[in-house]
Amino acid sequence: MGKKRVVAKAGVEGDKGAEAKVARGPKKKFATGTLHIKATYNNTQLSLTDPEGNVLAWATSGALGFKGAKKGTTFAASKVGETIAEKAEAIGIKEVDVVVRGVGSGRESAIRAFVARGISINALKDATPVPFNGPKPKKPRRV
């Protein structure tokens, strides 16, 4: 029918389950980092990395509970920016370099919400991939 749970009392000595779990912060503190923004038409993703490129924190509009077409809105992107800024404050980041990819509507609003929390921006780079040759043209029609 199922396993039975044994409930241990908090006052019993030698009981490991009686210890209160403490929410730990990040192991390392960083002063600078890089904020990567991927803004598509359907979603906005932000990831915060240390200077070497290791991801420290991330957030997306889909992970915040937005569904469907609302994930690509500027409002959802600003909420993602606020969320990642809170995580950055917990890590101790004071200034970031921003790398933006994509053409979605959440590009600017995510940056504005992030900066509103008091974290300064050193550099802003647009790394949106742009095709330089394009697709192969159609062959001429034979009649």
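**From overall fold to two local sites**

Residues 24 or more positions apart account for 65% of the contacts (heavy atoms within 4.5 Å) with a separation of 6 or more in the protein chain. This is a predicted model: local features need pLDDT of at least 70, side-chain atom pairs count only at pLDDT 80 or more, and totals for chains, interfaces and linings use all residues. Residues are numbered from 1 along each chain as its sequence is written, and side-chain values use heavy atoms, with hydrogens and water left out.

The protein chain has 2 helices and 5 strands. These are DSSP runs, numbered from the N terminus: helices are H or I with at least four residues, strands E with at least two. Along the sequence the pattern reads β-β-β-α-β-α-β. Of the 143 residues, 30% are buried, meaning under 20% relative accessible area; exposed is over 50%, and partly exposed lies in between (1.4 Å probe, protein chains only).

Start at strand β3, residues 55–60, where T60 lies. T60 counts as buried, at 14% relative accessibility. The T60 side chain reaches the backbone nitrogen of A63 at 3.0 Å. Leaving out residues up to four places away in sequence, T60 touches N43, T44, Q45 and V80.

Now move to helix α2, residues 107–115, which holds V115. V115 is partly exposed, with a relative accessible area of 35%. Together with I121 and L124, V115 makes a nonpolar surface patch of about 240 Å². Accessible areas come from the Shrake-Rupley method with a 1.4 Å probe; for residues, only the protein chains shown count as cover.

Methods:
Patch = residues over 30% accessible without salt bridge, like charges linked within 9 Å, V, L, I, M, F, W, Y side chains within 5 Å. Salt bridge = Lys/Arg side-chain N within 4 Å of Asp/Glu carboxyl O. Polar contact = N/O pair within 3.5 Å; in protein donor to acceptor, adjacent residues only side chain to side chain.
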